[in-house]
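Keep the structure open as you read.

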Amino acid sequence: MSAWGLALRAGQALERKEAHAALPLLNKLVRLERSGWALLLRARAKVELGKNRLAVADVTRAFDQDAECGWVFDLPVVRLSIPPATEARALYQSQRSFGRRKEAWPMRAFVGKLKFSAGKAEEGLADLRQAARAAPKEAYLHAWLAEGLRRMGDAYGAELSARRALRLNPRDGVAHAARAAALRAQGRFSAALASALQAEKMMPAYEVG
């Protein structure tokens, strides 16, 4: 079976709420296709099976490989680049509603980060806010939001989001770094230095926002 055939079968299974049936097909698809959109489809299956950490890993790989791969869920970054093939458009039409569901928070968060990189900071911030609301217990989302707020000049909002992240995960390097910058912008230099030192300790796990 072709890659598109596997994708369509898996996509149909996901639409029927049969993620267990979709996942083996998507594992085969990822081995065969090695593309960002295939990884995003597999991430959807993992989210619906409650495997959020594994889903985030797939989303990370997907956007690293192809910043435009969000087309499959109607999540454009700079432009919407749906492949012209009939099978690709059928897959897109069947999956696009997922991009508007709160379960799509891993994809939405990465789109937000990419929009910042593309110079669309306000849109990126909106995506990060949406992701943090959809998954309030995910520390790294609050940390990314803190970094986004800091870049937008909202030092107090950034500190608040960083503190939320650190309550969930005291070892989040992004949150420590964002909090340090926010405190420095407020003139709270001693506290900023303490947060900066904590960020430096966490640098092996630091993910640039």
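Where is the place of Asp 74? Asp 74 sits in the loop between H4 and helix H5 (86–95). Helices here are DSSP runs of H or I with at least four residues, numbered from the N terminus. The phi of Asp 74 is near 60 degrees, a positive value in a residue other than glycine. Most residues other than glycine have a negative phi.

Before going further, a word on the source. This is a predicted model, where local features need pLDDT of at least 70, side-chain atom pairs count only at pLDDT 80 or more, and totals for chains, interfaces and linings use all residues. Residues are numbered from 1 along each chain as its sequence is written, and side-chain values use heavy atoms, with hydrogens and water left out.

**Another positive phi**

Arg 34 also has a positive phi, about 50 degrees, although it is not a glycine. You'll find Arg 34 in the loop between helix H2 (19–33) and H3. Its relative accessible area is 67%, so Arg 34 is exposed; exposed means over 50%, buried under 20%, and partly exposed in between (1.4 Å probe, protein chains only). Leaving out residues up to four places away in sequence, Arg 34 touches Leu 29 and Gln 65, where contact means heavy atoms within 4.5 Å.

In soluble globular proteins, nonpolar side chains tend to be buried together. Here, the largest nonpolar core has 61 residues, and Leu 29, Trp 37, Leu 40, Leu 41 and Leu 141 touch the most other members. Helix H3 (residues 36–48) gives this core its largest share, eight residues. A nonpolar core is a set of buried Ala, Val, Leu, Ile, Met, Phe, Trp, Tyr and Cys residues joined through side-chain atoms within 4.5 Å. Take Leu 41: setting aside neighbours within four places in sequence, its contacts include Ala 7, Leu 14, Leu 26, Val 72, Phe 73 and Leu 91.

Is Asp 58 buried or exposed? Asp 58 is buried, at a relative accessible area of 3%, and belongs to helix H4 (residues 52–65). Its side chain makes a polar contact with the side chain of Arg 42 at 2.8 Å. (A polar contact is a pair of N or O atoms within 3.5 Å; within protein, one must be able to donate a hydrogen and the other to accept it, and residues adjacent in sequence count only if both atoms are side-chain atoms.) Beyond four places in sequence, Asp 58 touches Leu 39, Arg 42, Ala 43 and Lys 46.

Lys 51 is in the loop between H3 and H4. Lys 51 is partly exposed, with a relative accessible area of 36%, and touches Leu 23 and Lys 46 when residues up to four places away are not counted.

**Aromatic pairs**

The whole structure holds eight aromatic pairs. Rings of Phe, Tyr and Trp (its six-membered ring) pair if their centres lie within 6.5 Å; planes under 30 degrees apart count as stacked, over 60 as edge-to-face and the rest as tilted. Two of the pairs look like this:

| Pair | Centre to centre | Between planes | Type |
|---|---|---|---|
| Phe 63 and Phe 110 | 5.9 Å | 5 degrees | stacked |
| Tyr 140 and Trp 144 | 4.7 Å | 75 degrees | edge-to-face |

Phe 63 is buried at 5% relative accessibility, and Phe 110 is buried at 7%. By contrast, Tyr 140 and Trp 144 both lie in helix H8, four residues apart, about one turn of the helix. Tyr 140 is buried at 12% relative accessibility, and Trp 144 is buried at 4%.

Phe 63, Trp 105, Phe 110, Tyr 140 and Trp 144 form one aromatic cluster. Lys 113 lies over the face of Trp 144, 4.0 Å from the ring centre; a charge sits over a ring if NZ of Lys or CZ of Arg is within 6 Å of the ring centre and within 35 degrees of the ring normal.

The buried residues of H9 pack against helix H8 (139–151) and helix H10 (173–185). Among the buried residues of H9 are Ala 155, Gly 157, Glu 159 and Leu 166. Glu 200 is in helix H11 (residues 189–201) and counts as exposed at 55% relative accessibility.

Note on methods. Helices (H or I, at least four residues) and strands (E, at least two) are DSSP runs, numbered from the N terminus.
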